[in-house]
Amino acid sequence: MNTFLAFGREHVERHYRKTGQCVYMHLKRHVREKVTGASGGVLPKRRNPKLFLDLEMTGDFNSDDYEYEDEAKLVIFPDHYEIALPNIEELPALVTIACDAVLNSKSPYRKQEPDSWENELQVSKHANNLMQLDNGVRIPPSGWKCAKCDLRENLWLNLTDGTILCGKWFFDNMGGNGHALDHYKEMGYPLAVKLGTITPDGADVYSFQEEESVLDPHLAKHLAHFGIDMLQMHSTENGTRDNDVKPRISEWEVIQESGMKLKPMYGSGFTGMKNLGNSCYLSVVMQAIFSIPEFQRMYVGNLARIFDYSPLDPTQDFNTQMAKLGHGLLSGQYSKPPMKSELIEQVIKEHKPQQNGISPCMFKAFVSKSHPEFSSNRQQDAQEFFLHLVNLVERNRIGSENPSDVFRFVVEERIQCCQSRKVRYTERVDYLMQLPVAMEAATNKDELIAYELTRREAETSRRPLPELVRARIPFSACLQAFSEPDNVEDFWSSALQAKSAGVKTSRFASFPEYLVVQIKKFTFGLDWVPKKFDVSIDMPDFLDINHLRATGLQPGEEELPDIAPPIVIPDDPKDRLMNHYMEPPDMDESSVMQLAEMGFPLEACRKAVYYTGNMGPEVAFNWIIGHMEEPDFAEPLSLPGFGGSATMGATAFGAIGLDNQPPEEIVAIITSMGFQRNQAIQSLKATNNNLERALDWIFSHPELEEDNEFIAHMMEMENSANANIISESKPDGPRVKDGSGRYELFGFISHMGPSTMSGHYVCHMKKEGRWVIYNDHKVCASERPPKDLGYMYFYHRISS
């Protein structure tokens, strides 16, 4: 039994002809707008036939302005015989159970709703009779600090004695040393409120004794005991508080252009996206992506073709979801100016015009599937999601077309042994340029020093903090810092056959068509709490980086010998005799786990970290992107002397061997369904030997025809494998669109907040000659685009 929506009959017909499955469930939601009757009751209006489709894209199913009636029925093909549900009398028990399971399952829309839908807060049993000590404690409006350490974030006020202490990681993902919990264990005072969350509507209250977040109906009285007037506390848009650290307030106001009279924009390319709860990182990246013509052509231009050849379950197909989202953003159907009658009604009711935007629920559910971070409702790093999306585009490209080619470029890395002066040149693939923040080059150092002294004095005396002074950094200084040599830790010189000092410089072996520049604003403090450089960088509208073009080996330079570091054999002869195993190589397991959390196979992550010399997750990620199409991508790491039969050279050059072929039993399953053997092998190789994904791949590539050259190539591979022959051939280089290094800025993403784990994202894009701000569902003409405060910048190549 299969399910389809009210507008999916064409897909069902095609599915029936393809599979012969004849029983389907038809789900339909009837939507009625409400009108208020004379007695104050609600009367249903005339049904709007287009309303359901609009709401499916906008996701506005929880509005009080509508009421709903769901209809379900079974449809038997090919006669289209319909059976209304529920129907216990006529249907077999197994069919009834299956229907109930489908109807009671959660849709992507419900899955993306906040957890509070299912876990409503309960009133604490301590709230009515909470003891509060008359100790004269008064809480200042700012300058808070943990009483037992120096932390100034994730602070909790104990409602019994007024002590301010830090929380733990699991309280609010903000880091801490757990002093609030230690205080409860010592004193037994049960309730605490998180500072910075207090508004006239309430605050975050935690009960240590009940071990959960709770409600305190007497919170205003409990706060007044410590001099906090709850009614005077106001929250600003997107969750920041008036009592948050002052530097963050100005950042929010400038980036969101608060106080400006921004004119709403409507039409194609001016559609916003609803915030599903910390999903703004996804929205801004997708707005930037679908501002690029290559992505527009691939997914929106091929919309009909993608829909026609979508797999059996289009909700689990990346290309279908991309096409659907792109159509929602670019069609203009969901960004129409209000009608004259609606404007009159808004004026009468003193309501501001509202832009609904579309809801990316289904898209987010798919792209974040099986990813531990993006599948949560927590805030994430837009840069990490951009790379995650590029990876999905790479893995799900349609034929030879790959729109992410516009971002890809090759980096040449030159490593020099400081003692022997010999060099080694290597290349890697990357998708964005990461610029360091050159804090030492600030042009207003005197102002910064004076501000820092004043701020510390204010915190010590608990006075209001001074107005923020933001460091002004020249872009040229950041570009210079990018091009300067970096020290290589634990560098092993093949010329000296020993560890030595080494330096590395990076240059562009090719320039991408679209250059993404990330400002490395985020770092970690000495206490490992995430920090952010709040700086202003004069990013140029026009950028020329031709001087960073790689030159390769220069006359007079001598290359380092191509010798691998020696493998230390353990002294215990017993280990040498048993299985010929040695101690595994040193490997940065934290980098391995970071890559694995992004959804890559664990063994591929281990190989990436090993072959990049433990140089960190960013370098290992680039190795993964460059090798993920290799047949042995997810095979275990096999090294000489470690019990493996393959040599390092064979593995490194992508040699073809017996173990790299798709399992014959899976090939047999696919061919037994009537598909050609070459289709089975190609689909399995494209999906890492996943049977279900391989079948979807075949259905999504109907244009695949038998090609004599391809079959001969496959037969040659199989014969080589059966003969256990390893053929080493130099793999083709990465596909790049090299050209001039001159660019023009067309968009940027900005972040507000102290770290990537909190805050809010907006983006500014240049459309039709003027800047436009995309702030969740709101799309307006920008009056003062804050180009100096961005986090990620998007440039397109211009002709020389």
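**Entry 1: helices H20 and H21**

I began with a helix pair and noted that H20 passes H21 in a right-handed crossing. The model I consulted is a predicted one. I then looked up the geometry of this pair: the axes of H20 (residues 602-611) and H21 (residues 617-627) come within 8 Å and cross at roughly 115°. On the H20 side, I listed Ala 604, Cys 605, Lys 607, Ala 608, Val 609 and Tyr 611 as the residues making the contact. From H21, the contact is made by Ala 620, Trp 623 and Ile 624. Sorted by class, the contact of H20 with H21 comprises 8 nonpolar residues, no polar ones and 1 charged.

**Entry 2: helices H9 and H15**

I turned next to H9 (residues 280-289) and H15 (residues 382-395), whose axes come within 9 Å and cross at roughly 55°. H9 and H15 are therefore oblique to each other. I recorded the crossing of H9 past H15 as right-handed. H9 contributes Tyr 281, Leu 282, Val 285, Met 286 and Ile 289 to the contact, and H15 contributes Ala 382, Phe 385, Phe 386 and Leu 389. I counted 9 nonpolar residues in the contact of H9 with H15, with no polar and no charged ones.

**Entry 3: an open sheet**

I traced an open sheet of 6 strands in the order S6-S11-S10-S9-S7-S8, with mixed pairing. Strands S6 (122-123) and S8 (164-166) stand at the edges with a single partner strand each, so one side of each has no neighbour in the sheet. I followed S8 to S7 (residues 155-158): the two run antiparallel and are joined by 3 bridges. For Leu 155, I found that the bridge partner in S8 is Cys 166. I also noted that helix H6 (residues 179-187) lies across S7 and S8, running at about 120° to S8.

**Entry 4: backbone details in loops**

I checked the peptide bond from Phe 77 to Pro 78 and found it cis, with omega near 5°. I placed Pro 78 in the loop between strand S4 (66-76) and strand S5 (81-84).

I then looked up Arg 421, a residue other than glycine with a positive phi, near 70°. Arg 421 sits in the loop between strand S12 (409-417) and strand S13 (423-430).

The loop holding Gln 497 is between strand S17 (492-493) and strand S18 (498-499).

How values were computed. Residues are numbered from 1 along each chain as its sequence is written. This is a predicted model: local features need pLDDT of at least 70, side-chain atom pairs count only at pLDDT 80 or more; totals for chains, interfaces and linings use all residues. Side-chain values use heavy atoms; hydrogens and water are left out. Two strands pair if DSSP finds at least two bridges between them. Helices (H or I, at least four residues) and strands (E, at least two) are DSSP runs, numbered from the N terminus. Contact means heavy atoms within 4.5 Å. Axes are lines fitted to C-alpha atoms, for helices over the stretch in contact, and angles run from 0 to 180 degrees between N-to-C directions. A crossing is left-handed if the near helix is turned anticlockwise from the far one by less than a right angle, and right-handed if clockwise. Ala, Val, Leu, Ile, Met, Phe, Trp, Tyr, Cys and Pro count as nonpolar, Asp, Glu, Lys and Arg as charged, and the others, Gly among them, as polar. Angles under 35 degrees count as roughly parallel, over 145 as roughly antiparallel, 65 to 115 as roughly perpendicular and the rest as oblique.
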